[in-house]
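Keep the 3D view open as you read.

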Amino acid sequence: MPKLRSLPKLKGSTRPKSGALLRPTSGSNIFAQKDTELAYVARILGGDGQAWRVAKRVRELQPQYTNGTIPELITYHWLEEQQIDFVYQATVFGGRAVRGGVLPDFVVIQGGVGAAWQIQGNYWHSKKFNQDESDETARVKLLGSTVGGARVQSVIFVWESRIYSDYPAVFEAAMTGLELGE
């Protein structure tokens, strides 16, 4: 097969450097093809500069927290950015390793008091595999338990769709103890 020559009058390569992050230009809907998940996260959070910054941080967290979902890692980033003490995926009553164990997504600690935040996925909960019953059982088990030296006094469900549509207001509401529905 013959080798392709460069086009006359064009200098340099039009190809981005390896690993370069492609961002949409103003008015453009073109997202990075190499990192569609990054583009997806940025798009669902509004597509502005802040959304891209959050998306990039989510991608940085993924290798470290391989079991973390996108909504969980967005939450992780927000808590970290606000410098709020929290424990991520704490093992309570044996966690996933023991039948009846609980694994709260986050236990947010303020003044020695804990609030468990359960990040609820809309897809999983739309299937109704007795999920509501399971969630309420986990809520009861978590109340009064101790995580990271703090007694859990509340359990707040934070919905995936609300994270995407109301970021960061949904987290601010959760900090005050408000649980916003789906």
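## A hairpin in the sheet

Strands β2 and β3 run antiparallel and are joined by five bridges; two strands pair if DSSP finds at least two bridges between them. Within this pair, Val-107 faces Ala-116 in β3, and Val-108 has Ala-115 as its bridge partner in β3. The two strands form a hairpin with two residues between them, and Gly-111 in the turn has a positive phi of about 60°.

This is a predicted model, in which local features need pLDDT of at least 70 and side-chain atom pairs count only at pLDDT 80 or more, while totals for chains, interfaces and linings use all residues. Residues are numbered from 1 along each chain as its sequence is written, and side-chain values use heavy atoms, with hydrogens and water left out.

## The rest of the sheet

How many residues of β3 are buried? Seven of its eight residues are, so β3 is largely enclosed by the rest of the structure. Buried here means under 20% relative accessible area, with exposed over 50% and partly exposed in between (1.4 Å probe, protein chains only). Strand β2 (residues 106-110) is also largely enclosed, because four of its five residues are buried.

## The whole chain

The chain has seven helices and five strands, where helices (H or I, at least four residues) and strands (E, at least two) are DSSP runs numbered from the N terminus. Along the sequence they follow the pattern α-α-α-β-β-β-α-α-β-β-α-α. Of the 182 residues, 40% count as buried. Among contacts (heavy atoms within 4.5 Å) between residues at least 6 apart in sequence, 47% join residues at least 24 apart.

## Helix packing

Helix α1 (residues 36-44) packs with helix α2 (residues 49-61) at an angle of about 140°, their axes 8 Å apart. Axes are lines fitted to C-alpha atoms, for helices over the stretch in contact, and angles run from 0 to 180 degrees between N-to-C directions. The two helices are therefore oblique to each other; angles under 35 degrees count as roughly parallel, over 145 as roughly antiparallel, 65 to 115 as roughly perpendicular and the rest as oblique. Glu-37, Leu-38, Ala-39, Val-41 and Ala-42 of α1 meet Ala-51, Trp-52, Ala-55, Lys-56 and Arg-59 of α2.

How does α2 sit against helix α3 (residues 70-81), and at what angle? They pack at about 105°, with axes 9 Å apart, and are therefore roughly perpendicular to each other. From α2, the contact uses Gln-50, Arg-53, Val-54, Arg-57, Val-58 and Leu-61, and from α3 it uses Leu-73, Ile-74, Tyr-76, His-77, Glu-80 and Glu-81.
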